[in-house]
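Hi,

Here is the structure I promised to pass on. Have a look first, and my notes follow below.

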Amino acid sequence: MKLFLIFFILIYASMHFYAMTAASSVFKLTTGTKAGIAFIMLIMTTAPFIVRFSEKVGLHSTAMVSAYTGYYWMGFLLYFVLSLFFFDLFRLFIYLAGKVSHSNLDFLRIKITKSFYVSVLFSVIVCVYGYFEARSIRIEKLVIRTNKVSSPVKIAQISDVHIGLIIREKRIKAIVEAIAGENPDVLVSTGDFVDGQLDKLDGFAKYFEALNPPMGKYAVTGNHEFYAGLNQAVYFTELCGFKILRNTAVNVGSSVVIVGVDDIEVNNFRVPDRVRLDAASDAADVSEKELLMGIPPDKYTILLKHRPNLNNNEDRLFDLQLSGHTHKGQIFPFNLITWIFYTRQPWLNSFTTWVYVPNHNALEKVSERSSLYVNRGTGTWGPPIRVLSPPEITIVELVPLNSQ
């Protein structure tokens, strides 16, 4: 986490410096104006930390303003810098082409002033588009035929809702209404249900509490449950009516078992990490593999695991793993980055104990028995926009193998 924060600060500060340099080349800025802009950019660079600090000390209004201002600015700056960088690369290409060909290609150059204003316009357009895409929930449906169920079972999966300062009542109601419209038998949340501090959110629990699928509601922890504070995250999730599976297996109906495991972020926090095979048994510390081995093989086993990774060199002891975490990048071109880190990259696998999935938003066969599906995320994290990665509610229908 510390390395991530250092990397984030360095990259984000560099983006601000790049944008400041571009502005200085277009406008004749005085030293005082430059200092003022630099101060504002410093505040924007540290906005995510201001948000968290304000939450912790109870400055809710400050946190809200900082979140909306800072995160929308983050989205705008990303596309502004990418656009500027594209124009700079194009100018470099024209310059080098002219040198190599010994010809004057200045007529192909795009003036810095023009590229600056085009970049501003482009960034605004993309962010406006991303704002509406983030609110356009898609229902992704999967039909899985299996001889382990005698009657259909419909499972709704949400992931990475990130309820907090930005994902609030309006978005929560839209998510709940979309789920209710599918009339699932089971509802599962695969982590990051909450985001940051959870002050003044208890009133939002009533919307999820109103969902009462006949086979229950189950959730697992994601990394943000630990960032937010595990106790309050668990409290709020249970207030919403979910049973939290912290390395626990439960029977759902007569033929399905749902197993939920903690996110690996648990290793960085001093919290109880106990495992129990059912509510009546004594807690016992066992591995994920041992937990899965305790389930009869004739049961259809669904593993809820926040991150879409698979234990290396471990037998696939489940039928379906449901995960999230990646958001499929949430904002283009970050989907390319998540593709690198969550696909089978030989150079990456040599440095990790995890095997990553071939496709980070598709139903993938990972063994003869097992499949894995990665939800794109139902909410947003950071900038409240999505670009080429719309929010998702997944509907998994388990149907008997020989049914029509």
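Predicted model: local features only at pLDDT ≥ 70, side-chain atom pairs only at ≥ 80, totals over all residues.

In which sense do strand 4 and strand 5 pair, and over how many bridges? They pair in the parallel sense over two bridges, with strand 4 covering residues 217-220. Two strands count as paired if DSSP finds at least two bridges between them. Alanine 219 has isoleucine 244, in strand 5, as its bridge partner.

Residues are numbered from 1 along each chain as its sequence is written, and side-chain values use heavy atoms, with hydrogens and water left out.

Back to the sheet: it is open, has six strands in the order 1-14-2-3-4-5, and its pairing is mixed. Strand 1 (138-146) and strand 5 (243-244) stand at the edges with a single partner strand each, so one side of each has no neighbour in the sheet.

Across the chain there are 12 helices and 14 strands. These are DSSP runs numbered from the N terminus (helices: H or I, at least four residues; strands: E, at least two). Of the 404 residues, 52% are buried, meaning under 20% relative accessible area, with exposed being over 50% and partly exposed in between (1.4 Å probe, protein chains only). Among contacts (heavy atoms within 4.5 Å) with a separation of 6 or more, 74% are between residues 24 or more positions apart.

Now helix 1. Its 25 residues (2-26) reach 37 Å from first C-alpha to last, close to the 36 Å expected, where the expected span is 1.5 Å times one less than the number of residues. Its buried residues include Phe8, Tyr12, His16 and Val26, and their cover includes helix 2 (31-45), helix 3 (47-56), helix 4 (60-101) and helix 5 (112-133).

Histidine 16 sits in this helix and counts as buried because its relative accessibility is 3%. The side chains of histidine 16 and threonine 45 are joined by a polar contact of 3.1 Å (a pair of N or O atoms within 3.5 Å; within protein, one must be able to donate a hydrogen and the other to accept it, and residues adjacent in sequence count only if both atoms are side-chain atoms). Leaving aside neighbours within four places in sequence, histidine 16 also touches Met41, Met44, Trp73 and Leu77, among others.

Lastly, cysteines: there are zero disulfides, taking one as a pair of cysteine sulfur atoms within 2.5 Å. Cysteine 127 counts as buried at 13% relative accessibility, and so does cysteine 240 at 0%.

Cheers
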